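Subject: Structure for you to look at

Hello,

Here is the structure I promised. Please open it first, then read my notes below.

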Amino acid sequence: MSSKQKEFRKIRQFVLMNADSIQKEANRLHRKYLDVGSMQSEFIGKYHNNHIKILQEIAKHLEASDTKKSSEIFKKLGTIFAKQSVQDELTLEEAVDGNIFLKQALWKKIKEERLLKKISIEDFFVLSQNVGTYIDVLTSELAFTYHQELQYVENNLRYLSEASKILSSSLDYQTTLNAIATLAVPEISDWCSVDILDENSKLRQVAVAHKDAKKIKWAKELRKQQTIDMNAPTGIANVLRTGKSEIYPHITDSMLVAASKTKKELRLIRSIGLTSVMIVPIFSEKKPIGTISFVTTETSRHYNHGDLLMAEELGTRASVAIENSKLYKGSQDAITLRDDFISIASHELKTPVTSVKMFTQVLKKHSEQIGDAKAVNHLSRMDKQLNKLTELIYDLLNISRIQAGKMEFNKNLFDFDHAVTEIIDILSQTVTRHTFKVYGRTNKKVRGDQERIGQVVNNLISNAIKYSPKSKKIIVKLTTDRDNVYVAVRDFGIGIGKVYLDKIFERFYRVYDANNKTYPGLGIGLYISSEIIKRHGGKLWVDSKVGKGSTFHFSIPINGKKSLKL
Amino acid sequence: MTKNIHVIDDDESIQDAFNVLLTTAGYKVRTSSDANYLQKLPKKKLPDLILLDVLLSGSDGREICKKLKSRKVTHHVPIIMVSANMSAGNSFKEYGADDYIEKPFEMDELLDKIKKYTKE
């Protein structure tokens, strides 16, 4: 052994034996020159181990002549430490400074041991050059990777927040998932695919995005050719089976060989140039029903634990979105079914009502002819109830028409005052308890559907009668200004609580009185009325006080040509 | 002379009711769910008025109306369309019908219309 080798060996042994005390000295220097009190204690042990590792590597490569080759090891260490630092949320200074003090501590201890005394100038030069290069390579790689990692983390967060926005913006999950996949490329992955089990438990690729737009078609083709073996121990099949995500930070060629069943498949899969893969599950009703796969190809990005957490979070949010869209679709289907049913049922009801009404009227006529007053009275009441039944059927038909956007209107110019008083006259003939007082005139002609507007007046007055069983007076006021005619129907009945004022115009909503009782009706009269007024370009509103009564108002624009949306 | 009214409706209960109502009102009535026979009737046997349901299952009452009104032999026979569909009331003139009544209706309203078209 040459004296040179002997001296280097001494230094190496010293460093290896005293790595711990060198590290402690580095900590001391660090604390002396910089405030490191903020470093969390849980990281101290972790970084202690990192420093020991660095010292061990330095010791191994002290006299290396090919520094380029030995630098590779420190480059790798720099990458690993950078990733740790980002995950531990250290600042760049916290991540780098320790290594610089480590270098200082190393020289200090070597000098203290007088280990440099017997070394030639040339050897000292090699030694200091090497140690310096190693630490420089390590710290610059650390800084570079740190920035890159930070960028990834920021991208992840931005993606997650953007994706969440998209997920909550639409209830159509096909569109949503497509957007999610597209958004992932190129910031998060080079290739993103969403696969969902269909109703026949067949896996379908519902969305795919690739950084190279031309390759989307190719990516779809790949999936077609290479059907997923649902019994495979790893990959999408396994994630679907277990509901647990998978991450492959480094895809190696041997992994590809193991995953391919045929040579053709292997060739295909090799051509993709897989670097790193994450697969996370999507759940519905707690069962895995699909996966989101993130793939990087031919890049330096290797997914880590932090990326996986992000991807899993995305999977969870996608699950919620899918659940919501399923619920939404279910409720929409139910609504359509109900509306169709109402439409058909109300139409079907008309036929028997028609024939019953015809027989009732024949019987009534006959009873009149033979002078059976009692029978005439009973049959008249029956006929009246049949008319009520008919009105209910009309209400149901109207509501299903409004829902389907098929409510029809006839547009005519008509005398507004006459139309309103005509309805009041008809109602006066059938009402026994209440009296109507009509104030004011509009003296206006209005363009619109006279019958429908009459329906609204009829409905408002019928409600006034229904909800004021203990009072007698109902006031109808007709007013006008330059643009509109107004009708106000006032009763002195039970009134409506503030909380219900907005709701009474909703479909199927019924008001409860103080004793929590409802009044007869389907809860659709006001809904239909407000739709009719809306379609005429007018407004329907109410003032009310519990126990004092209610006033319903509506307006219709006079110049119907402008505002009539019929 | 007793007027002759034909009722075309595919619902039996409606046919029955028309039968009773119109007979009571003093008319001769024939009911059917199929209108095709009308085109084969000799002129002498044609009714004085037809009550025609708008939506007959199988054949559309409106098409039948158009056909009867386009033929020389049946052109003059008054046709009142009957329907449970409100919107049909707006379009009966388009296919040549004389009038329209909506189900369910008041007996007097129907009889008034019939009187008007049979010139009683």
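Which residues touch the most other members of the largest nonpolar core? They are F416(A), I461(A) and F554(A), in a core of 44 residues. Keep in mind that this is a predicted model.

Where does this core come from? Several elements of chain A each supply at least two residues. The helices are α13, α14 (416–430), α15 (450–466) and α16 (525–535). The strands are β9 (473–480), β10 (484–491), β11 (539–545) and β12 (549–557). The largest share comes from α15(A), with 7 residues. As background, nonpolar side chains in soluble globular proteins tend to be buried together.

Now turn to the contact between the chains. It takes 20 residues from chain A and 21 residues from chain B. Together the two chains bury about 2000 Å² between them. Of that area, 64% is on carbon and sulfur atoms.

There are 3 salt bridges between chain A and chain B. One joins the side chains of K365(A) and D108(B), at 2.9 Å from N to O.

Which helix gives the most to the side of chain A that touches chain B? That is α12(A), with 12 residues. Both α12 (305–370) and α13 (373–404) of chain A supply at least two residues there. By type, this side of chain A has 5 nonpolar, 9 polar and 6 charged residues. Note that α13 of chain A also supplies at least two residues of the core.

Best wishes

Notes:
Residues numbered from 1 in each chain as written. Chains lettered and ligands numbered in written order. Predicted model: local features only at pLDDT ≥ 70, side-chain atom pairs only at ≥ 80, totals over all residues. Heavy atoms only, no water. Contact = heavy atoms within 4.5 Å. Buried area = accessible area lost by both parts, 1.4 Å probe. Salt bridge = Lys/Arg side-chain N within 4 Å of Asp/Glu carboxyl O. Helix = DSSP H or I, 4+ residues; strand = E, 2+ residues; numbered from the N terminus. Nonpolar A, V, L, I, M, F, W, Y, C, P; charged D, E, K, R; others polar. Core = buried A, V, L, I, M, F, W, Y, C linked by side-chain atoms within 4.5 Å. Buried < 20%, exposed > 50% of the residue type's maximum accessible area, 1.4 Å probe, protein only.
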